[in-house]
Amino acid sequence: MNHATSPGRSRPVTQEDVARAVGVSRTLVSFAFRGAPGVSAEMRQTILEAATQLGYRHNAVAADLASKRASAIGLFLLDLRNEVYADIFQGVREAIGEARNRLILSVSHSTGGIDREPVNSLIEARVGIIIAATFLDTDARVRELAASVPVVNVTRRVAGVDSVYSDDWAGAAAATDHLISLGHARVAHVTATAYEGHEERRRSYAATMHKAGLTPEVVTAGNYTQQAAERAAAVLLNRQDRPTAVFAHNDEMALGVREAAYAAGLSVPQDLSIVGYDNSRISQLHGIDLTSVDLQARELGRTAGAAALNRLASPDAPTVDESSMPRLIVRNSTARR
């Protein structure tokens with residue numbers, strides 16, 4: 001199962017060699033390398049240290065083929081330029097680090113639909129499950145994929161499929177209520193194309209505005225990037241009846257609105273208050289100080305990683321539906337009207 005040889009050996013070191021060195025069965029050694037239950041933390045550490053000393057290298061691909069059970073975890077990320085996905089990645093790594101399952105990363109090539117090429121690359125790599133952050137496609141298409149390989153959705157709920165997500169309705173309501181409480185009556189929402197399963201922020205914003213007796217205004221950019229938001233906001237902010245506040249779908253789009261505001265000669269927050277979503281690291285920088293909704297992306301990643309491990313261990317377990325409550329972080333990009 002490996003190609004490693006220890007000093008003085010003319011053949012590869014095997015799990016049998018490791019078992020003899022520790023004084024345990026080969027089965028126990030195999031369990032230790034797979035992170036399977038039934039091996040204490042102390043014994044697993046002893047086995048791994050002995051394997052390292054002998055020069056044994058565990059071949060996870062060969063182990064999967066031999067056991068006829070895929071243990072690798074595929075991670076699909078929509079956009080590496082958005083810090084929220086980097087945080088999710090870090091959380092997933094933390095969750096599966098002790099389990100020793102291979103983590104195979106694939107990144108979207110497009111801005112819509114299930115990106116078949118990177119998804120197929122994960123399937124071809126014999127992953128046992130895909131953690132998806134985030135598919136921009138219909139619930140039916142996600143369920144179709146999950147019928148061929150188990151899926152854990154992150155940042156989105158799909159009925160019948162393992163889902164780990166933040167309560168976008170509550171987060172968007174908190175952001176909109178914050179701006180209304182500061183006296184803003186003209187509050188716009190800058191977002192992008194609405195995909196099934198990703199509409200809660202827009203819907204919650206509109207409902208919160210209506211509840212306050214105000215008229216919502218949704219501005220749709222070409223996509224969810226800073227550049228697209230800046231182009232859309234440039235038109236919005238150069239109107240005579242421009243809004244005095246903007247709630248953006250994410251922090252990246254909020255930064256695009258901020259750039260458009262400065263290009264239009266407006267000051268933030270004196271002339272325009274801005275709220276983002278994600279609480280990314282850049283939102284916290286001095287000089288940016290962006291008020292933002294914290295969806296705790298790293299924790300979402302940890303929860304999704306744990307859910308993936310549980311699904312691999314228990315394929316017939318009940319569907320996971322794990323929701324968490326976001327938190328509004330108020331900084332200096334919002335001010336009283």
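This is a predicted model: local features need pLDDT of at least 70, side-chain atom pairs count only at pLDDT 80 or more; totals for chains, interfaces and linings use all residues.

Student: OK, in what order do the strands of the parallel sheet come?

Tutor: Six strands make an open sheet in the order S2-S1-S3-S4-S5-S11, with parallel pairing. Strands here are DSSP runs (E, at least two residues), helices are H or I runs of at least four, and both are numbered from the N terminus. Two strands pair if DSSP finds at least two bridges between them.

Student: And which strands stand at the edges?

Tutor: Strand S2 (103–107) and strand S11 (321–324); each has a single partner strand, so one side of each has no neighbour in the sheet. Neighbouring strands are turned by 15 degrees against each other on average, direction ignored. Angles run from 0 to 180 degrees between N-to-C directions, using axes fitted to C-alpha atoms, for helices over the stretch in contact.

Student: How many bridges hold S1 and S2?

Tutor: Five bridges, in the parallel sense, with S1 covering residues 72–77. Leu 77 stands opposite Val 107 in S2.

Student: Which helix lies across that sheet?

Tutor: Helix H12 (residues 297–313) lies across S1, S3 (127–133), S4 (151–154), S5 (162–166) and S11, running at about 155 degrees to S3.

Student: Switching topic: how many aromatic pairs are there?

Tutor: A search of the whole structure finds two. Rings of Phe, Tyr and Trp (its six-membered ring) pair if their centres lie within 6.5 Å; planes under 30 degrees apart count as stacked, over 60 as edge-to-face and the rest as tilted. Phe 76 and Phe 135 form a tilted pair, 4.9 Å centre to centre with 45 degrees between the planes.

Student: Where do those two sit in the chain?

Tutor: Phe 76 is in strand S1, while Phe 135 is in the loop between S3 and helix H7 (139–146), 59 residues apart. Phe 76 is buried at 1% relative accessible area, and Phe 135 also counts as buried, at 1%. Buried means under 20% relative accessible area, exposed over 50%, and partly exposed in between (1.4 Å probe, protein chains only).

Student: What about the pair of Phe 247 and Tyr 277?

Tutor: That pair is tilted too, with 6.3 Å between centres and 40 degrees between planes. Phe 247 lies in S8 (residues 245–248) and Tyr 277 in S9 (residues 273–277), so the pair ties together parts that are 30 residues apart in sequence. Phe 247 is buried at 0% relative accessibility, and Tyr 277 is buried at 0%.

Student: What lies over the face of Tyr 277?

Tutor: Arg 201, at 3.7 Å from the ring centre. A charge sits over a ring if NZ of Lys or CZ of Arg is within 6 Å of the ring centre and within 35 degrees of the ring normal.

Student: So what's the sheet with S8 and S9 in it?

Tutor: An open sheet of six strands in the order S7-S6-S8-S9-S10-S12, with mixed pairing. The twist averages 20 degrees from one strand to the next. S8 and S9 run parallel, joined by three bridges, and the bridge partner of Phe 247 in S9 is Val 275.

Student: Which strands does helix H8 touch?

Tutor: H8 (residues 168–181) touches S6 (187–191), S8, S9, S10 (291–294) and S12, at about 170 degrees to S9. Helix H11 (residues 251–263) packs on the sheet as well, touching S6, S8, S9 and S10, at about 160 degrees to S9. Contact means heavy atoms within 4.5 Å.

Student: And how do S10 and S12 pair, parallel or antiparallel?

Tutor: Antiparallel, over three bridges. Asp 294 has Arg 327 in S12 as its bridge partner.

Student: Last one: how many residues has the largest nonpolar core?

Tutor: It has 38 residues, and those with the most contacts inside it include Ile 73, Tyr 85 and Phe 247. H12 gives the most to this core, with seven residues. A nonpolar core is a set of buried Ala, Val, Leu, Ile, Met, Phe, Trp, Tyr and Cys residues joined through side-chain atoms within 4.5 Å.

Technical notes
Residues are numbered from 1 along each chain as its sequence is written. Side-chain values use heavy atoms; hydrogens and water are left out.
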